[in-house]
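Student: Hi! I'm new to this one and would like a quick tour. Could you show it to me?
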Amino acid sequence: MKIKLNKRETYAVYAAAGLLGLFVLNQIVFLPLFEKSERLQRQVQVKTDALQKMRALKVEYEAIRKQAEVMKMRFAEREKGFSLFSFLDRLAGEANIKSHITYMKPSTATKKEVPYKMSMVEMKLQAITIKQFTSYLHMIESSKNAVTLGMISLSRTSKPEGFIDAVLNVETFEESQT
């Protein structure tokens, strides 16, 4: 059974077959290639972002490692048996404000997985001058004992004019005796 087609119908059949062939070629060859290319571009972007994060983490790690080395050196330079409480008490004597200390509350926080403990002292100073206070703070901060100020609270005293009351938290790391 042979069907006779005129020229116009023959061209229409060839055109339809060509379009059908292009559609199949597009579905089988071109679309998968473009999808694979887009998928690879997304993967490259994800890997690039991960690499940038890794580089940032490396820089942060190196900074922390260097800071840890500096702290180890400072710990090695400390006098044997360093105590934050006695250190602050001695500095208060040097700054001539020992009589203005209302209280000194020592405390510690330790973690088993690290060889250091956080040693803290909360102290209250009453009726001191700004000059005495700043001198004392300078002595604390400029020491080579890796001591830092955690919190400072200042208020005017109701006593003589020009005097203040201060509460401060001083912190440092010390070696655990375990």
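Predicted model: local features only at pLDDT ≥ 70, side-chain atom pairs only at ≥ 80, totals over all residues.

Student: Which side chain does Arg-65 meet in a salt bridge?
Tutor: That of Glu-62, with 2.6 Å from N to O. Both residues sit in helix H1, which spans residues 7-77, and they are three residues apart, about one turn of the helix. Glu-62 is partly exposed too, at 25% relative accessible area.

Student: How many salt bridges does the structure hold?
Tutor: Four. One of them links Glu-94 to Arg-90, with the closest N and O atoms 3.0 Å apart. These two are four residues apart in helix H2, so about one helical turn separates them.

Student: And what does that spacing do in general?
Tutor: An α-helix has 3.6 residues a turn, so residues three or four places apart point the same way.

Student: Switching topic: which residues of H2 are buried?
Tutor: In H2, residues 84-94, the buried ones are Leu-84, Phe-87, Leu-88, Leu-91 and Ala-92. They lie on the same side of H2, because they cover an arc of only 135° around the axis.

Student: What do those buried residues pack against?
Tutor: They pack against strands S1 (101-110), S2 (116-129) and S4 (163-175), as well as helix H3 (130-141).

Student: And which residue with a positive phi follows H2?
Tutor: That is Asn-96, with phi near 60°.

Key. Residues numbered from 1 in each chain as written. Heavy atoms only, no water. Buried < 20%, exposed > 50% of the residue type's maximum accessible area, 1.4 Å probe, protein only. Arc of directions from axis to C-beta. Contact = heavy atoms within 4.5 Å.
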